[in-house]
Structures are given as C-alpha cells and as structure tokens.
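Biologist: Could you walk me through how to read a few features of this structure? I would like the general idea and then the case at hand.

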Amino acid sequence: MSPSVLDQQSIPALVNVKAIGKNDNANVERDETRGLSKALLDLMPTLGTDAFTFSPIRESTVSRAMTRRYFSDLDAHAETDIVIVGAGSCGLSCAYVLSTLRPDLRITIIEAGVAPGGGAWLGGQLFSAMVMRKPADLFVKELNIPYEDEGDYIVIKHAALFTSTVLSKVLQKPNVKLFNATTVEDLITRKHHAESSASSDDGEAADESKVRIAGVVTNWTLVSMHHDDQSCMDPNTINAPVVISTTGHDGPFGAFSVKRLVSMKQLERLNGMRGLDMQSAEDAIVNNTREIVPGLIVGGMELSEIDGANRMGPTFGAMALSGVKAAHEAIRVFDL
Ligand code: 48N
C-alpha cells in the first residue's frame, strides 16, 4: 500500500518541514562554568529594568501564526498514511517507533484530551514513580531516559519523565502531527471483499457485512461533549488506509474503537477487562496487539476490552511494548 497517492506531492513538503522549524541550538555560545547560554546570562540582569522589552508584535500576527499553521496541517492531514487514536503511553510509544522506522509515512495522532499522555503522568494511586518490567527497559534506553535498575524491573523516578520525553521526541518528528483536544467520533469504513470470500468456490457473494477501516471521523472534543445540548455539529474526516487505536480501557472516552466495532456488528461483543493479574496481563496485551478488522490495529489497554485480558495495574512495560508491536503490525499492513 503506497503512501497517500492522492496526496503524494505534499509528503515531500512534510519531510522538508525541518527546514521550516528552525533549531539552531548548535550555534548557542554556552558559559561552561554556569551551564547556561551567554546570551541568556546577559539577558537576566536586564529583566525588570527599562533596558528590557520584547520585540514588537501585532495581535493579528499571532493569530495568523497559529491559524495558518493549524489549517495548513489540517489540510495536509486530510489524507494521511496512518492515524493513531489516543496519545497515551501505548499510542505515543507506537508513534515514536513508527515515525522513526518510516520517515516517509505521514502519521496523524488524534488525542481527545488537551493534555496528551493518557494515564501515564503518575505511576499508580497518584504516586510519582513508574515501574516497567524488563525487557521494556530496552525502549526506555532507546529514549535515553534515566532509571534505576532493580533486576527484573526498572523504576523511572517520575512517570511524567517517561511521558514528557516520548511526547517531546514524537512531536519533533517531521512526519508526525498531533491534533489534541480532538476526538475520534467514528470510523470511516469501506465494504471489505476478502480474497477468499470474493472468489469462494460456491460462488457465494462477498460478505457484504464485512468492512475495512479507511480513516477516522473527528470533532473538537468540546464539541463532542455537547452533542446532546447543541444542534447538529457535524464532524470532520481523515482518510487513512491504516488506523491504530490505543484509547485505553473502558471509561468516559476509553475503548472507543472496539465499542464502535461492536455497534457496527464487526465484533460480536466485548469480553471486558478482567481483574488484576500483573504476571499474565502484560504478556497478553503485547502478544495480542494486532489487526482486529482490516485496516484497524488495536493496542494497549483497549485490547483488554476485546480479549478479556486481565489488567496489570501500575506497571507500564506492556504499554510501551504494545506500542512497539502496533508499529510493527502497522508497517506490515501498510506494505501489503
Ligand atoms: O493511557 P491510556 O488510557 O491508554 P494506554 O493503553 O495507552 O495505557 C493504559 C495505561 O495508562 C493503563 O491503563 C495502566 C497500565 N493501567 C492499567 C490498569 O490495570 O489499570 O490513553 C488513552 C488515550 C487517552 O489520552 C484518551 O484521552 C485518548 O486515548 N482517547 C481518545 N482520543 C481520541 N479520540 C477518542 N475517541 C479517544 N478515546 C480515548
């Protein structure tokens, strides 16, 4: 499956976006003894004096700087290669691996919250430290995040250190765009004529009820939350041959895609997440991360709602490695 053919011409523009996003840290002259740049050290004593003022600006300039980029991104991502729904620990880990392995692909992340990161800002019961069982330390090493090695597991001193680091690295990727405060309200579908059923010997017609996923339907989250008390606020769309859903286990926004597959009669029912069993839960989530219906891969805790896997509680190695697996699956599906 080649990148969005309809939109080939704009992929090079995306790949060159680095030329647009200046990053001239290399030319900053540092004061090695004090650890800050000389320019910042020279600025500090002037703050609060008449010598200090910002460069001039007009309000409309700020407005245009934001809106021009936002709507140009929305236009470019109307046709994308891979959508990731949910920027929690699984979705972000997947985005990091996918955007690194396939810089040629346009990757669009849709996150309902204003703040990406899902449930990974704290380790458990509002505690700070995050535990990951090995071999998830391999992903933490990849991100160059410091941790304490406790033998069979590692501890990152604050969950926010993991989440902010993977988020920062993903957002710096030229082929990734995050639309946060944006909710996937539905899935785009096409009739799916599997090779076997389309050419079945008994000449049976392809199973008209089967679909493949061909993108997502979106709205700003604050709009999605008010469909009951406002007149029809129609959504927007993003076409994509592959969608990866990592919307977490059941909850106000959780398990979105798998619930929608049931209501679209693509899945008979959800088996529901089982009680906590740390030892078995994480293997199951990683091993079962997969394409559920053609074009839709599910990973992270959303998967537990389909398979009835146990929950693992406050350990996050499966989220990271399920994201790695989902990236691997997405490349397999995309290159079919
Ligand atoms: O962090 P979550 O909820 O999901 P995962 O699978 O990335 O990580 C799960 C993990 O935090 C745990 O639950 C831990 C390991 N505990 C397990 C246990 O036993 O309790 O992130 C999902 C993200 C959130 O940021 C949501 O806002 C977002 O998905 N989201 C959506 N974004 C866009 N459109 C939607 N329809 C949508 N639904 C959820």
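Modeller: Gladly. Let us begin with the salt bridge, which is a side-chain nitrogen of Lys or Arg within 4 Å of a carboxyl oxygen of Asp or Glu. Before we count, note that this is a predicted model, where local features need pLDDT of at least 70, side-chain atom pairs count only at pLDDT 80 or more, and totals for chains, interfaces and linings use all residues. Residues are numbered from 1 along each chain as its sequence is written, and side-chain values use heavy atoms, with hydrogens and water left out.

Biologist: How many salt bridges does the structure hold?

Modeller: There are 12. The general idea is that side chains of opposite charge can pair when their charged atoms come close. Helices (H or I, at least four residues) and strands (E, at least two) are DSSP runs, numbered from the N terminus.

Biologist: How are Glu329 and Arg332 placed in helix 13?

Modeller: They are three residues apart, so about one helical turn separates them.

Biologist: Is Glu329 buried or exposed?

Modeller: Here we use relative accessible area: buried means under 20%, exposed over 50%, and partly exposed in between, with a 1.4 Å probe and protein chains only. Glu329 is buried at 11%, whereas Arg332 is partly exposed at 39% and Glu291 is partly exposed at 25%. For another setting, take the salt bridge between Arg269 and Glu268, at 4.0 Å from N to O. There Arg269 is exposed at 52%, and Glu268 is exposed at 75%.

Biologist: Which residues are linked in a network of salt bridges?

Modeller: Arg102, Asp104 and Asp335 are.

Biologist: And how should I read the cysteines?

Modeller: A disulfide is a covalent bond between the sulfur atoms of two cysteines. The cut-off used here is a pair of cysteine sulfur atoms within 2.5 Å. The structure holds zero disulfides. Cys90 is in none, and the nearest cysteine sulfur, that of Cys94, is 6.6 Å away, too far for a bond. Cys90 is buried, with a relative accessible area of 4%, and Cys94 is buried at 0%.

Biologist: Now for a sheet. In what order do the three strands lie in the open sheet?

Modeller: Two strands pair if DSSP finds at least two bridges between them. The order is 5-7-6, with antiparallel pairing. Strand 5 (130–133) and strand 6 (148–149) each have a single partner strand, so these two stand at the edges, with one side of each left without a neighbour in the sheet.

Biologist: Over how many bridges does strand 5 pair with strand 7?

Modeller: Over four, in the antiparallel sense. Met130, for instance, has Ile156 in strand 7 as its bridge partner. Strand 6 pairs with strand 7 (residues 153–156) over two bridges, also antiparallel, and Asp149 has Ile154 in strand 7 as its bridge partner.

Biologist: Which residues form the covered face of strand 5?

Modeller: In a regular strand the side chains alternate between the two faces of the sheet. In strand 5, Met130 and Met132 make the covered face, while Val131 and Arg133 make the uncovered one.
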